[in-house]
Amino acid sequence: MNSIKRFIFSNILILCTVYLCSILPVKSQDQVDLFGYFEPQYMGAVIQGDYIQLQSNKLRIDIEASAFDKVTFGANFDFITYHGKTQWNILDYLPEDITSAIPEEFRSYYVLPFENRIFLDNAYLKFALKHADITVGRQQISLGTGYVWNPTDLFNTKDVLDPTYEQPGHNAIRLDIPIGSRSGLTALYTVSDEWEGSDKLIQCKSGVSRFDFTITAAEKIWTFHDFMQFDTITSYFLTNPEKRQMLGGSIAGDLFGIGVWTEYAYNWMEYSEDFYELIAGIDYTFDFQTYFLIEYYRNTLGRKDHHKYTFNDWMRFVAAEQKTICRDQIYGIIQHPVTDLIFLGFSGIYCISDNSYALVPMLSSSVTNNVELLVYLNFYLGKEGTFYASNLGNGGMIRARIYF
Amino acid sequence: MKTQFIMIVISGIMMSTLNGQNLDGGQIINKVNDLINQETIYGKSEMTIITTSGNPRTFLYESWSKNYGEKNLIKYLSPARVKGQATLMLNHADDIWVYFPRTQRVRKLATHAKKQKMEGSDFSYEDMGSGDAFIKDFAAKRLKDERKEGYDCYKLEMIRKPDSDLSYSRMIMWVVKENFVPLVIDYYDKDDPDLILKTLVQSDIKVIDGIPTSMNMVMYNKQDNTHTSMSMQEIKYNIPLKDEMFTERGLKK
C-alpha cells in the first residue's frame, strides 16, 4: 500500500514540476533545456561462497529553464529499476557473535530492500539578485574540501568505493552572499515541523594567496535508530533524535605545487558523547600524467578496537546514519591515462584501527562523446569482524552512462 | 617628385626591415605576448580531439579572459556529458577551480593540475590559461629567420627559466614577421630538451577588431600520435567584462 502511495505521490510531483516548468514565463522555448543520462549498472560478488548479483537501470531527466534574467529553475527526476537480488538481509553479512542476540522472529526486519523508484531528486528556483543568490527547493548541498569524507557536511555520506557519485537533493533555503572576489557568506535552512527541529548552517569563506578557507557552524537534529528496540506503533525501530551542534572549518590550497587540504569539525551532542572528525589530504599530477591522492580520516565516533563494534554501530553505518565505525582510516588512489580514452586506476582503503583493508582496481573509459564506462573490482581483505572484513564479499561493478 | 616618393617608400621598407632585424628575442616575444593577451577577450570555440582510435570527439565551449590573460573562465556548452562544467583560472592559471553542475560542487585544484589534459585533449590547462608564460617562464633567444607555412617568420628558442615549474624545458617558436602571430610552436620534454612532445600550428589568420587572430589551431601530440584542433566560431576583443564573472559565483552561473 505504501509503495502505491509513494508511486502516486512521485507522479504527482513530476506532473507538478512539468506544469511549473511550462508556466514559467520563459523568454523563448530555447531557454528550456532537457537533458540527463541513462545508467545501467551490474554488480556481482562472491559472498560466503555464493555468487550474488544485482542489476539496476537508472534514468535521470534534468530540466533547466531561465525565467527572466535573474531566475533559474532546475529539476531532475530519477527512475530506477532493480533486478536480481533485491532483498538483502544485513544480518547475513555481519559477524555472528553480534547478530546472535537478534531473536529469529525479528530477523525479517533487517532486510534492506532495493525497490523500483521514481522520485524528484532536485527541484529548485534560484534567484540571482544583485548582491546575493537565493536558492529555494530540493537542491544539492556540497560542503567541505575532502575527497572521500567531509566532516563539515552534515547532509551527505559518500560511498568510499565511489566517492564522486552524485548525492541526493535536500530540501533547503539557501542564501549565498559573495564578498569581493574570493570571500562570501552562505546561510542554509532546511524546513522541519518547527524552528528548533530544522537544520541551520552558516559558512564564511575566504581566500588568501593559494589557499581557500571556510569556517562553518551548524545545528541539526540528528536521528539515530536503536536497531535493537522495536517500536510497535511505528512498526519500525525506536529513534533517538538529539541536537547536534557543529563548528568546523576547511583549508584547500597548494604547497610547493602539491595539492593540500584539511577539514575539521567538532560536534557537541545533546545527550551522547561529543566527537570530532578530521581529514587531511594531498594530491599531485606527475609530468607523465599519473595522478595520485591520499586522504586520512579520523572520526572519534568510530571505535579504536573492532571487538567493540556493536550491532547498532554496524546498522547505523549500513543505514548511512553515521559515516564510519572505524576511528582512523586512510584512502589512496592512483590513476594513469593508458590511452587518451582509457584510465587505469587503483584505490585502497585501510582502517588503521582494526588493521583491515580493501583494494579496488578500476578502469574508466570514454567510449564515445557521450558514453562513459566504469569497471571496478573490490576485494575486502580484513579478518572477520573488522570494518573491511573478507566475509563482506569480493566482487565488482560495471557501469555505463549514456548522456543525452 | 616621383623619384622622391619611391625613395621614401624604399627607405620605409628598409627601416622596417632593419627594425625587424634589430629586434631581439625578448622584444619579439613581448610583442607576441601583447598580441595574444588583450585587455579582455570573449571566444566561442569548437574543439575536436582526434583520438587514438581515430574517432573525433567534439566539444563546444565559451571562454572569457580579462586583465591581459590573468583571469580566464571556460564553460562547456556540449556534449551533454560535460555541459555546464566550468573552469576558472586566476593568476595566470596558478589558481584553478572546477565546477561540476550535477553535484554543484566547486573543487580547488593545485598548480599540478595545470599539467592535466583539458577534457582529454592535447591541450593542457597550462597551455590554455598561462597567459603571460611566454615572458614570465621563458627566456627568448632569436635564431635565424625562416619561412614557415608560407609566411616570413622570426624563429625563437624559448628556454625555461630555472624558477619555472612549467612542463616544457624549451620551445621553438615561429612568429609571423608581419603581425607577430606565433604560427608554429614546438614544445620539448621537461627532462629531455631534444624530445618534441607537441607541436602547435595556427592558421587562417584574420583581423578581428583590429587584432590579427588565428581562427584555427591544431595541437599535434607527437608522443601519443593524436591531435586536437580548435576553431574559433566567434571572437570579440576588449569588450567590457565584469570582475564578478571571474569568481565562484560567476563559475556557477
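In the predicted model, buried residues account for 27% of the 404 residues of chain A. The secondary structure of chain A consists of three helices and 20 strands. The radius of gyration of the chain is 22 Å, close to the 22 Å that the globule rule gives for 404 residues, so chain A is as compact as a globular protein of that length. Taken along the principal axes, the box filled by the C-alpha atoms of chain A is roughly 65 × 60 × 50 Å. Of the contacts in chain A that link residues at least 6 apart in sequence, 52% are between residues at least 24 apart.

Strand β10 of chain A, which spans residues 199–208, is paired with two further strands, β9(A) and β11(A). With strand β9 (residues 183–190), β10(A) runs antiparallel and is joined through seven bridges, and within this pairing A:T190 has A:D199 as its bridge partner. With strand β11 (residues 211–231), β10(A) is likewise antiparallel and is joined through nine bridges, A:C204 standing opposite A:I215 of β11(A). The strands β10(A) and β11(A) form a hairpin in which two residues lie between them, and A:S209 in the turn adopts a positive phi of about 50°.

In a regular strand, side chains alternate between the two faces of the sheet. For β10(A), the covered face comprises A:D199, A:L201, A:Q203, A:K205 and A:G207, whereas A:K200, A:I202, A:C204, A:S206 and A:V208 make up the uncovered face.

Definitions and conventions: Residues are numbered from 1 along each chain as its sequence is written. Chains are lettered from A and ligands numbered from 1 in the order in which they are written. This is a predicted model: local features need pLDDT of at least 70, side-chain atom pairs count only at pLDDT 80 or more; totals for chains, interfaces and linings use all residues. A residue is buried if 20 or more other C-beta atoms lie within 10 Å of its own, exposed if 12 or fewer, and partly exposed in between; C-beta atoms are placed from the backbone. Helices (H or I, at least four residues) and strands (E, at least two) are DSSP runs, numbered from the N terminus. Two strands pair if DSSP finds at least two bridges between them. The radius of gyration is taken over C-alpha atoms; the globule rule is 2.2 Å times the number of residues to the power 0.38. Two residues are in contact if their C-beta atoms, placed from the backbone, lie within 7 Å.
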